[in-house]
Amino acid sequence: MVTTASVWVASALGALHFDSGRCLFGAALLLGIVNAVVRPVVLLLSIPFIVLTLGVGILVVNALLLLAVSAVVPCFHVASFGHAFLGAIIISITSWMLSAFIRSEDGRVRIVRTGDGMKQAKGRVIE
């Protein structure tokens with residue numbers, strides 16, 4: 001849902017184009033799968049490039065993956081690498097902002113306190 005909204009925002013700002021709502025959902029689904037499966041491997045292999053570019057390399061990887069999705073989904077269009085780079089920036093920012101507001105059931109921050117239900121540590125403990 002967050003990825004779909006992010007891709008829609010990127011298309012509304014002119015970075016990407018899709019032909020129909022069904023195409024939007026399909027491209028967002030494929031982009032989510034690619035981000036979950038392929039992206040960690042690519043990021044791991046490109047660590048030296050990411051360090052050398054001070055993190056901007058992550059946006060390049062995201063843009064290349066966005067171009068790959070547009071090559072697979074025929075009704076989803078990215079005009080150039082520049083548009084893919086801009087789309088990757090927009091999708092990253094939008095996803096980050098939406099994820100801050102939309103959380104899963106168990107996505108709450110919990111404060112761990114010593115007291116009831118906690119085992120006492122044996123040995124030396126640094127506090």
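Read from the N terminus on, the elements follow the order α-β-α-α-α-β-α. The model is a predicted one, in which local features need pLDDT of at least 70 and side-chain atom pairs count only at pLDDT 80 or more, while totals for chains, interfaces and linings use all residues. Residues are numbered from 1 along each chain as its sequence is written, and side-chain values use heavy atoms, with hydrogens and water left out.

Two figures describe the protein as a whole. Of its 127 residues, 28% are buried, a word that here means under 20% relative accessible area, whereas exposed means over 50% and partly exposed means in between (1.4 Å probe, protein chains only). Among the contacts between residues at least 6 apart in sequence, 63% join residues at least 24 apart, a contact being heavy atoms within 4.5 Å.

Let us begin with helix 1, which covers residues 2-12 and has V2, T4, S6, V7, A10 and S11 as its buried residues. What covers these buried residues includes strand 1 (17-18), helix 2, strand 2 and helix 5 (81-101). The axes of helix 1 and helix 5 come within 8 Å and cross at roughly 135°; such axes are lines fitted to C-alpha atoms, for helices over the stretch in contact, and the angles run from 0 to 180 degrees between N-to-C directions. That angle makes helix 1 oblique to helix 5, because angles under 35 degrees count as roughly parallel, over 145 as roughly antiparallel, 65 to 115 as roughly perpendicular and the rest as oblique. Helix 1 passes helix 5 in a right-handed crossing, and a crossing has this name if the near helix is turned clockwise from the far one by less than a right angle, and is left-handed if anticlockwise. On the side of helix 1 the contact is made by V2, A5, S6, V7, V9 and A10, and on the side of helix 5 by G87, I90, I91, T94, S95, L98 and S99. These residues divide into eight nonpolar, five polar and no charged, where Ala, Val, Leu, Ile, Met, Phe, Trp, Tyr, Cys and Pro count as nonpolar, Asp, Glu, Lys and Arg as charged, and the others, Gly among them, as polar.

S6 is buried, with a relative accessible area of 0%, and, not counting residues up to four places away in sequence, S6 touches I91, T94, S95 and L98. Helix 1 is then followed by G14, whose phi is positive, near 90°.

A second pair of helices comes next. Helix 2 (residues 21-45) and helix 4 (residues 56-72) pack at an angle of about 135°, with their axes 10 Å apart, and that makes helix 2 oblique to helix 4. The crossing of these two helices, helix 2 and helix 4, is right-handed. In helix 2, the residues A27, L30, L31, V34, N35, V38, R39, V42 and L43 meet I58, V61, N62, L65, L66, V69 and V72 in helix 4. The residues of this contact divide into 13 nonpolar, two polar and one charged.

One of the residues that helix 4 brings to this contact is L65, which counts as buried at 9% relative accessibility. Leaving aside its neighbours within four places in sequence, L65 is in contact with V34, N35, V38 and R39. The C-alpha atoms of L65 and A84, 19 residues apart along the chain, are separated by 8.8 Å.

Between helix 3 (47-52) and helix 4 there is a loop that holds L54. Although L54 is not a glycine, it has a positive phi of about 60°, and L54 is exposed, with a relative accessible area of 78%.

A search of the whole structure finds one disulfide, which joins C23 to C75 with an S to S distance of 2.2 Å. C23 lies in helix 2 and C75 in the loop between helix 4 and strand 2 (76-77), so the pair ties together parts that are 52 residues apart in sequence. The torsion about the S-S bond of C23 and C75 is about 110°, so the disulfide is right-handed. C23 is buried, with a relative accessible area of 4%, whereas C75 counts as partly exposed at 21% relative accessibility.

Technical notes:
Helix = DSSP H or I, 4+ residues; strand = E, 2+ residues; numbered from the N terminus. Disulfide = S-S within 2.5 Å.
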